[in-house]
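Let's walk through this one together, question by question. Have the sequence and the fold open as you read.

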Amino acid sequence: MPLYDYECVKCSHVFEVYHKMNEGNETLTCPKCKAKNPKRLVSQVKTHAWSQFLDKMEKKINPHKFK
Ligand SMILES: [Zn+2]
């Protein structure tokens with residue numbers, strides 16, 4: 001299940017949520033102030049893709065490290 005970062009629009013509290021792809025954010029509430037509809041941040045996904053890219057590059061440069 002993917003992990004998403006959400007930012008509360010009311011108090012700017014950032015929290016992480018595991019949820020299914022087809023699930024919307026209308027059921028989510030801020031754990032701090034209980035405000036609804038937090039804003040989804042995409043940083044988590046980007047970071048993951050970037051680390052996968054770096055892994056691939058390192059396998060090319062240092063293949064012995066991955067045996
Ligand atoms: Zn909040």
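Q: How many bridges join strand β1 to β2?
A: This is a predicted model, so keep that in mind as we go. Strand β1 covers residues 3-7, and β1 and β2 run antiparallel.

Q: What is the order of the strands in the open sheet?
A: The sheet has three strands, with antiparallel pairing. β2 (14-18) and β3 (39-41) each have a single partner strand, so they stand at the edges, and one side of each is left without a neighbour in the sheet. From one strand to the next the twist averages 40°. Read across, the order is β2-β1-β3.

Q: Is Val-14 buried, partly exposed or exposed?
A: Val-14 lies in strand β2. Buried would take 20 or more other C-beta atoms within 10 Å, and exposed would take 12 or fewer. Val-14 has 14 of them, so it counts as partly exposed.

Q: Which residues is Val-14 in contact with, leaving aside its neighbours within four places in sequence?
A: Pro-38 is 24 residues apart from Val-14 in sequence and 9.0 Å apart in space, C-alpha to C-alpha. The contacts of Val-14, with those neighbours left aside, are Asp-5 and Glu-7.

Q: In what order do the elements of the protein chain run from the N terminus on?
A: The protein chain holds one helix and three strands. Of its 67 residues, 7% count as buried. From the N terminus on, the elements go β-β-β-α.

Notes: Residues numbered from 1 in each chain as written. Predicted model: local features only at pLDDT ≥ 70, side-chain atom pairs only at ≥ 80, totals over all residues. Pairing = 2+ DSSP bridges. Helix = DSSP H or I, 4+ residues; strand = E, 2+ residues; numbered from the N terminus. Axes fitted to C-alpha atoms, helices over the stretch in contact; angles between N-to-C directions. Contact = placed C-beta atoms within 7 Å.
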